[in-house]
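Student: Could you go through this model with me, starting with the helices and then the aromatic rings?

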Amino acid sequence: MAKDVEVAERGEYSAKDYHDPPPAPLIDPEELTQWSFYRALIAEFIATLLFLYITVLTVIGYKSQTDPLKNADQCGGVGILGIAWAFGGMIFVLVYCTAGISGGHINPAVTFGLFLARKVSLIRAVLYMVAQCLGAICGVGLVKAFQKSLYTRYGGGANELAAGYNKGTGLGAEIIGTFVLVYTVFSATDPKRNARDSHVPVLAPLPIGFAVFMVHLATIPITGTGINPARSFGAAVIFNQSKAWDDHWIFWVGPFVGAAIAAFYHQFILRAAAIKALGSFRSNA
């Protein structure tokens, strides 16, 4: 009897109870003829605009509330914890709102990682990144329009390498921080997890937002936390002073390298995509 149960359990768990979506084509011109594609671009643009507007306002507000020149309380304001909550909370809200329309990327590094994993086509990836960068520029532009004096005085929310840290440390912080984020995105949206862990209600935007929150706690003192090239680019374009551009390459190279490592780790190690492909080739030979 016990043996029968053991065999039954092996059969239950060996059966494939999930379906991986087919890989996206590298180039899919048909996307350009579909309204759903342009709707997704608009969703990415608006989401990134709102993300930058709320978060940069939070950063500037905190600096204003703790400005020593105003004899302000250095323990006042929202603090680093509040800034991290603003970034993580907005990602949670915006991914929840846009996931069913565009996938809720709101970050060129996330888009790049998903492209490497063949989750989106090249055309979609490039145009998503353009929409995200334009949305970030417009979002920070709105902050400057509404709070021009505070915006200029407190650095416009632009990312820069903090004093006492070298470029290697900053680059490493961005790589590791983005790896945490993109790895969380892959894990939270994995169809295998959704099927096997259906008894555990997992709201995908929640762990993604928490990943952003935790990374900000760790890296705000080092780089101000980029992990999103659109966020860094939008702030640098509107602020447009040398300190925003001096080490700007870190906020592109770091996130893209971190996203690539996360995509490789999840797809080829955790999901063993290479082994599956080799097995499929041998079975067809």
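Predicted model: local features only at pLDDT ≥ 70, side-chain atom pairs only at ≥ 80, totals over all residues.

Student: OK, how do H7 and H12 cross?

Tutor: The axes (lines fitted to C-alpha atoms over the stretch in contact, with angles from 0 to 180 degrees between N-to-C directions) of H7, residues 167–188, and H12, residues 250–270, come within 7 Å and cross at roughly 40 degrees. Helices here are DSSP runs of H or I with at least four residues, numbered from the N terminus.

Student: Switching to rings, how many aromatic pairs are there?

Tutor: The count is 15 aromatic pairs, where rings of Phe, Tyr and Trp (its six-membered ring) pair if their centres lie within 6.5 Å, and planes under 30 degrees apart count as stacked, over 60 as edge-to-face and the rest as tilted. Tyr-53 and Phe-146 are edge-to-face, since their centres are 6.2 Å apart and their planes stand at 85 degrees.

Student: And are those two buried or exposed?

Tutor: Tyr-53 is partly exposed at 22% relative accessible area, whereas Phe-146 is exposed at 55%; buried means under 20%, exposed over 50% and partly exposed in between, with a 1.4 Å probe and protein chains only.

Student: Which rings form a cluster?

Tutor: Ring pairs join Phe-112, Phe-233, Trp-245, Trp-252 and Phe-256 into a cluster.

Key:
Residues numbered from 1 in each chain as written. Heavy atoms only, no water. Helix = DSSP H or I, 4+ residues; strand = E, 2+ residues; numbered from the N terminus.
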